Amino acid sequence: MGEIKYVQGDATVPSVKGVKLIAHVCNDLGGWGKGFVVAVSRRWPEPEAAYRAWHRERASNDFGLGAAQFVRVEPYVWVANMVGQRGTRSGSKGVPVRYEAIDAALRKVAVKAVELGASVHMPRIGCGLAGGKWSRVEPLIIGRLVEPGLAVTVYDRGESGS
């Protein structure tokens, strides 16, 4: 079994050869504009446009907690919009992160990564604005991606903002 590779850097600029799948967590409200998505939008407009259309047309598609949308942004780079948080604010029901939704979305990411022959790259998903704990997210990544043999790199920027 492999392991997660941790590096300092920007998950939107993976420096490996081959097909790359960049995974991140979105909310279930259609909101896009804080956290890691800002870095994604700075590099490519397509993931935000696709996510907003996916949410807008949710009555006729699979948008919801646990869903994943795959957007090709360069010949060898894809972005996975994973719906893994309920709302955007902490409140009486706790923090927005939903671990079971991240787990379900990671299952879809694994299938797509195998199909593409891709390595998977991400910030510490679900642990920034979503309020999650890495000690809960890391085992999901290991179980869904690393144990099946996918190469996974997690990026730390050196500041908060994943």
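**Notebook: a helix pair and a pocket**

I looked up helices α3 and α4 in this predicted model and noted that they are roughly parallel to each other, because their axes cross at roughly 25° and angles under 35 degrees count as roughly parallel.

I wrote down where the two helices lie. Helix α3 covers residues 99–116, and helix α4 covers residues 134–146. Their axes come within 9 Å. I recorded the crossing of α3 past α4 as right-handed.

Next I asked which residues of α3 meet α4. On the α3 side I listed Tyr99, Ile102, Asp103, Leu106, Arg107, Val109 and Ala110. On the α4 side I listed Arg136, Val137, Leu140, Ile141, Arg144 and Leu145. I sorted the residues of this contact by type and got 9 nonpolar, no polar and 4 charged.

I then turned to empty space. Rolling a probe the size of a water molecule over the atoms shows where such space is left.

I looked up the largest pocket and noted a volume of about 410 Å³. Its lining has 23 residues. Which of them are closest to the centre of the pocket? I found Asn27, Lys34, Gly35, Gln85 and Leu129.

I also checked which elements give two or more residues to this lining, and they are β2 (20–27) and α1 (36–43). Strand β2 gives the most, with 4 residues.

Methods
Residues numbered from 1 in each chain as written. Predicted model: local features only at pLDDT ≥ 70, side-chain atom pairs only at ≥ 80, totals over all residues. Heavy atoms only, no water. 1 Å grid on protein atoms, 1.4 Å probe; cavity = no way out; pocket = protein on both sides within 12 Å on 5 of 7 lines; lining within 4 Å. Points joined across faces, edges and corners; volume = space filled by probe spheres on them. Axes fitted to C-alpha atoms, helices over the stretch in contact; angles between N-to-C directions. Parallel < 35°, antiparallel > 145°, perpendicular 65-115°, else oblique. Left-handed = near helix turned anticlockwise from the far one by under 90°. Contact = heavy atoms within 4.5 Å. Nonpolar A, V, L, I, M, F, W, Y, C, P; charged D, E, K, R; others polar.
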